[in-house]
Amino acid sequence: MSLAAEAFVSQIAAAEPWPENAALYQPLKDDQILLSDHASSLAVQAYLRMCNLPVQVACRANAEYMSPSGKVPFIHIGNQVVSELGPIVQFIKAKGHSLSDGLGEVQKAEMKAYMELVNNMLLTAELYIQWCDENTAKEITRPRFSSPYTWPLNHVLAYQKQWEVRRKMKAIGWAGKTLDQVYEDVSQCCQALSQRLGTQPYFFNKQPTELDALVFGHLFTILTTQLTSDELGEKVKNYSNLLSFCRRIEQNYFEDHDKDSITSSTSHLSKGSSLM
């Protein structure tokens, strides 16, 4: 199919109403999913709930390899498969659902800048801690990532993934960082987010946007994930308004809907699935 034909098919599919059987795919929640993947998945789930769009979470051992981009989560709508928060937001917008249409152009640019900050700092830090801190990689990351597979495939896939992430860290200049420097980057990111949020309920006052979904996904997962050290979560806990922000979204969009979808996804890693 030509690119023009694919674009036309996608446009037609986007114009169709949101189905009741929409599915979001992620790795196995009990034994396999890692901090960074869970954070990304939770961000998409939060965004869909903010848009009041139903979705069923489907856990698959090979979710990463099913994804068109090689990244999770991805959603399956009719004959369309869309991965990662940004493209999913655009796909949903084409269906007439948007959380940021009410923002001005300057606000939209600011929102995008903060989303880049989260992806460049928090997501990268999560990947670094998972795969570049050898203690975490040995105790948590490699065993969880490879858990669905038998020997020797489990070792091959885990070390292949570790090599890919470390190569990425080298390309972006993070390979030479120490763990303390990564924690400091996380702290600076949280400080910037805390200052932008201030005393508002959401980053752009009274209504959430995709930025709120993204920040919630990462901060909530960091706060509720047990790693080899508590240092990462402690960096977030230094900012009381960010903690209140996470509680607010948990209560408004998860507790009164289907709490199992958030608690069951964190309980296997959890220091306590609720922030209360």
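These legends accompany close-up views of a predicted model.

**View 1. A buried glutamate without a salt-bridge partner, E126.** Here we look into helix 5 (residues 105–131), where E126 is found. E126 is buried, yet it has no salt bridge. The nearest side chain of opposite charge belongs to K168, 10 Å away. Leaving aside residues up to four places away in sequence, E126 touches L35, S36, A39, H218 and I222.

**View 2. Helix 2, a mostly covered helix.** From first C-alpha to last, helix 2 reaches 22 Å, close to the 22 Å expected at 1.5 Å a residue. After the helix comes N52, with a positive phi near 60°.

**View 3. Helix 8 packing against helix 11.** The axes of helix 8 (residues 179–197) and helix 11 (residues 240–255) lie 9 Å apart and meet at an angle of about 75°, so the two helices are roughly perpendicular. Helix 8 brings C190, L193, S194 and L197 to the contact, while helix 11 brings N241, L242 and F245.

**View 4. A salt bridge between R196 and E110.** The closest N and O atoms of this pair are 2.6 Å apart. R196 in helix 8 and E110 in helix 5 are 86 residues apart, so the pair links distant parts of the chain. R196 is buried at 19% relative accessible area, whereas E110 is partly exposed at 27%.

View 5. E234 pairs with K237 at 3.7 Å.

Methods:
Residues are numbered from 1 along each chain as its sequence is written. This is a predicted model: local features need pLDDT of at least 70, side-chain atom pairs count only at pLDDT 80 or more; totals for chains, interfaces and linings use all residues. Side-chain values use heavy atoms; hydrogens and water are left out. Helices (H or I, at least four residues) and strands (E, at least two) are DSSP runs, numbered from the N terminus. Buried means under 20% relative accessible area, exposed over 50%, partly exposed in between (1.4 Å probe, protein chains only). Lys and Arg count as positive and Asp and Glu as negative; His and the chain ends are not counted. A salt bridge is a side-chain nitrogen of Lys or Arg within 4 Å of a carboxyl oxygen of Asp or Glu. Contact means heavy atoms within 4.5 Å. The expected span of a helix is 1.5 Å times one less than its number of residues. Axes are lines fitted to C-alpha atoms, for helices over the stretch in contact, and angles run from 0 to 180 degrees between N-to-C directions. Angles under 35 degrees count as roughly parallel, over 145 as roughly antiparallel, 65 to 115 as roughly perpendicular and the rest as oblique.
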